[in-house]
Amino acid sequence: MEDNPLLSLGDEVLPIFIFDTNILNKLQKEDKRVSFIFHYVYKLKQDLSACGLDLKIFYASPQDVFEYLIPQGMDEVVASGDYDSYAKERDLQISHKIHFRYIQDTYIFKPYEVLKEDKTPYLVFTPFYKKARVILNSKKSEELKMAHNRLMDEDYKAITKIDAKGVVTKLPLSLESLGFLKQKVGIINPHAKLEKFKQNCNKYKQMRDFLYEDVGSNLSVDLRFGTLSTRAVLRYVLSLKGFDVEPFIRQLIFRDFYAYLLFHMPRVENKNYKYSFNGIEDREKYEIFCKGQTGVPIVDAGVRELIQTGQMHNRVRMVAASFFTKDLLLPWQWGEQFFAQHLLDFDKASNVLSWQWSAGTGVDPQPYFRVFNPYLQSKKFDKDAHYIKRFCPELLHVEAKYLHDENYLLNNSVKDYPKPIVNHKTASKIAIECFKKDTFL
Ligand SMILES: Cc1cc2nc3c(=O)[nH]c(=O)nc-3n(C[C@H](O)[C@H](O)[C@H](O)COP(=O)(O)OP(=O)(O)OC[C@H]3O[C@@H](n4cnc5c(N)ncnc54)[C@H](O)[C@@H]3O)c2cc1C
């Protein structure tokens, strides 16, 4: 409702939201994101109604929605979007049916806005950041005002379901109509998150990685679904005087950088950017990881946090992804899919590029021989093991120092908790050897 370029275009409009069956049909009925989205779509409908507009909600494939709408006299589709292969293909197909106006509103910069002198894309973050920062300084971030639109005469009361044969039915406006069950997702107003972040802002740079200091903004899910615009976040932090906001702005630009890389190099969505070595497929190890039963406390706590809450601290994402790709030597694509299934803030670009970074196969100059030691990581960032014990209650009675001690865990039994699935030193040596051979291929 705030700062939305789609709403600032005046004309006769039909605001729509599609619960896309191509996506929903692949999800479990307990998927947390659908609860999150439904909450905000319903709120958006109410907020639009309060301004004399409304929202027509579809449950169908986008193709079928436009087959149904175009004969009713639409002349163009205006949308914002992202850069993953499904989204690009979907928009392309729709653009063959009706004039499609794409408004870039998901990121700070447009994909061709930050280029090297020779007009090619940056592959390394720091020079991208430096150039982006200069452009950002010259950008005016004005708030977009809502235009007076006329609402198209339509039926807005129900969810319009269109099946693959084009049969239209009306469903009650509920999450259950879509075949999903309401999940607890702890929805927090994004403006309240911003206010809270202000209190922590000066600690952000030093404390961001510590697992019991919740100093991050927790805005990734809002940025993902547009429940707060990136412009609004930037305007807010840039208006703070006497606060160290640059480390946070750097992360926002990081998000842009990953989307930018996916836009310019779509093949990295599934394929290594560098090296041909792509892990070793092992279903058994994979299942153990996904159950949070590897016997490595920090990794198991992270996986269990993810499954229970849909969230995972950034530091633990890095440790878990490194363990998955280096210690377990599993293909990064499997881990990426697992995160994609559970992360509330799942974003194709950030997820894929972060997994490739962890595997050492990505665009960033992250060397393959840099392997996180999960025990040193937990000792540093979760010294008292509060985080570990919160998600692995069977470890409550174990002294924190033993949870950061691989030798202890390998050589002693802990009731109801498995021994570490691998020896970190040996496993990481093997991983490094595999990549080393690859570099000489
Ligand atoms: C293996 C792995 C997978 C990841 N998958 C996702 C994903 O699917 N979706 C996602 O939004 N983030 C992903 N991240 C990045 C990061 O973990 C989250 O953005 C962060 O934890 C969100 O917390 P926050 O909102 O408190 O971030 P803050 O620290 O407050 O940062 C502000 C914003 O900057 C962006 N940001 C911060 N760190 C990163 C980063 N490393 N890469 C890209 N953007 C960043 C986010 O939009 C975030 O909301 C992943 C990281 C790893 C290592």
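Predicted model: local features only at pLDDT ≥ 70, side-chain atom pairs only at ≥ 80, totals over all residues.
**Around the ligand**

Let us start with the shell. The ligand is surrounded by 27 residues, and the closest among them are Tyr 204, Ser 217, Asn 218, Asn 314 and Asp 345. By residue class, the shell holds 13 nonpolar, nine polar and five charged residues.

**Polar contacts and cover**

Arg 208 places a polar side-chain atom 3.1 Å from a ligand nitrogen. Arg 317 has a side-chain N or O atom at 3.3 Å from an oxygen atom of the ligand. Asp 347 takes part through its backbone instead, with an N or O atom 3.0 Å from a ligand oxygen. The ligand on its own has 830 Å² of accessible area, and the protein covers 94% of this.

**Two helix pairs**

A pair of packed helices is described by the angle between the two axes and by the distance between them. The table gives these values for two pairs.

| Helix pair | Axis distance | Axis angle |
|---|---|---|
| α9 (residues 230-239) and α10 | within 11 Å | roughly 165° |
| α13 and α15 | 8 Å | about 60° |

How do the members of each pair run relative to each other? An angle over 145 degrees counts as roughly antiparallel, and α9 and α10 are therefore roughly antiparallel to each other. Their crossing is left-handed.

For the other pair, the angle of about 60° between α13 and α15 makes α13 oblique to α15. Here α13 passes α15 in a right-handed crossing.

Note on methods:
Residues numbered from 1 in each chain as written. Heavy atoms only, no water. Near = heavy atom within 4 Å. Polar contact = N/O pair within 3.5 Å; in protein donor to acceptor, adjacent residues only side chain to side chain. Areas by Shrake-Rupley, 256 points an atom, 1.4 Å probe, with all protein chains shown as cover. Nonpolar A, V, L, I, M, F, W, Y, C, P; charged D, E, K, R; others polar. Axes fitted to C-alpha atoms, helices over the stretch in contact; angles between N-to-C directions. Helix = DSSP H or I, 4+ residues; strand = E, 2+ residues; numbered from the N terminus. Parallel < 35°, antiparallel > 145°, perpendicular 65-115°, else oblique. Left-handed = near helix turned anticlockwise from the far one by under 90°.
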